[in-house]
Amino acid sequence: MVKLGPNELCWCGSGTKYKKCHQHADLVAGLRGEPGLAAASAAKPALITNPRPVRPHPTTPRRTVPPHIQRPDYALTGKPQGPRSKTLVKSHEQIERMRLACSAVRTVLERAKAAIRPGITTDEIDAITHQAYIDLGGYPSTLNYHGYPKSLCTSVNEVICHGIPDLRPLEDGDIVNLDVTIFLNGVHGDMSETVLVGDVDQESRELVQVTHECLMLGIKTVRPGSPIRDIGKAIQVHAEARGYSVVRAFVGHGIGEQFHMDPQVPHYYDANARGECLPGMTFTIEPMINLGNWGHVTWDDGWTAVTADRRRSAQFEHTILVTERGVEILTAP
Ligand code: MF3
Ligand code: CO
Ligand code: CO
């Protein structure tokens, strides 16, 4: 069992104090004689058997954005300004802008995917997407977001998310998640897909396939009045039935004029996750599914999250809109 003081950071990776996060849930689980979520993660030291883990490589200098492109408030300082918006339901006018941003981000992703082959570096993919955002009149939302240095996230093999594009060439047999985000007409669009590089082993191909199914099953639960926690429940059931685990430390998020806003959307069943879907809400669902355990560690770069056991992880992400009748995938092809 993980033993944490109330003022220590929670084991889940949320960055909040344990007492404000999972302490209560762990206590209840203990009373019921259940192991609780924490027991499954950091409790046992991860057994690492991966003979060829992904290593950090050098990165290129920061890319520039022409002055005529409209920037988000954090572009210069790295810090999003002002409080997180409390309004979860967007206006028709905001939704129209979201549609455009989300369709643009889909275009950028398709350009990146077309370039994937063994030998290309993730930095070259960064250059391609960087130019694509600018061609479309948009700003790469990740660039300088809390200081993030690049224009997309490239998460290879055991990297769960937030991998920084660098000079590592993709290898035959890799899987790589391309997470692209654009700021266009004052709103953000966010989506990602995991793609296969060359000839990929069957275990990884199945992981990628099932992760996509998890995303689509999560989306299927969404309609006016549906509990947000049903999304994670559907995802967790599907993933765990195949022996995979669901990453808990990173969640889906509301999106609009701010990159990350309420609601939070866990991809596992979190009974404490309150809230229901209301028409006009826009948020992402972006499950990260692991072959092994769901625990993670972060590289010294402060961003790259890799599985603690170094087994592979896959992810897919859509930005969706809750409609009167159900759901619309704004980043659909
Ligand atoms: N695109 C990621 C998401 O889905 C966020 C990346 S933020 C960064 O939420 F700073 F890491 F780039
Ligand atoms: Co994303
Ligand atoms: Co996202």
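I'm working with a predicted model, where local features need pLDDT of at least 70 and side-chain atom pairs count only at pLDDT 80 or more, while totals for chains, interfaces and linings use all residues. Residues are numbered from 1 along each chain as its sequence is written, and side-chain values use heavy atoms, with hydrogens and water left out.

**Count.** I looked up the salt bridges (a side-chain nitrogen of Lys or Arg within 4 Å of a carboxyl oxygen of Asp or Glu). The structure has 17 of them.

**Asp126 and Arg63.** Their closest N and O atoms sit 2.5 Å apart. Asp126 belongs to helix H4 (residues 122-135) and Arg63 to the loop between helices H2 (36-39) and H3 (92-114), so this bridge ties together parts 63 residues apart in sequence. Helices here are DSSP runs of H or I, at least four residues, and strands are runs of E, at least two, numbered from the N terminus. I checked burial too (buried is under 20% relative accessible area, exposed over 50%, partly exposed in between; 1.4 Å probe, protein chains only). Asp126 is buried at 0%, whereas Arg63 is partly exposed at 21%.

**Arg97 and Glu257.** I get 2.8 Å between the closest N and O atoms. Arg97 is in helix H3 and Glu257 in the loop between strands S7 (252-254) and S8 (261-265), so parts 160 residues apart are tied together. Arg97 is buried at 18%; Glu257 is partly exposed at 42%.

**Glu193 and Lys113.** This salt bridge has its closest N and O atoms 2.6 Å apart. It links strand S5 (residues 187-196), holding Glu193, to helix H3, holding Lys113, 80 residues apart.

Note on methods. Chains lettered and ligands numbered in written order.
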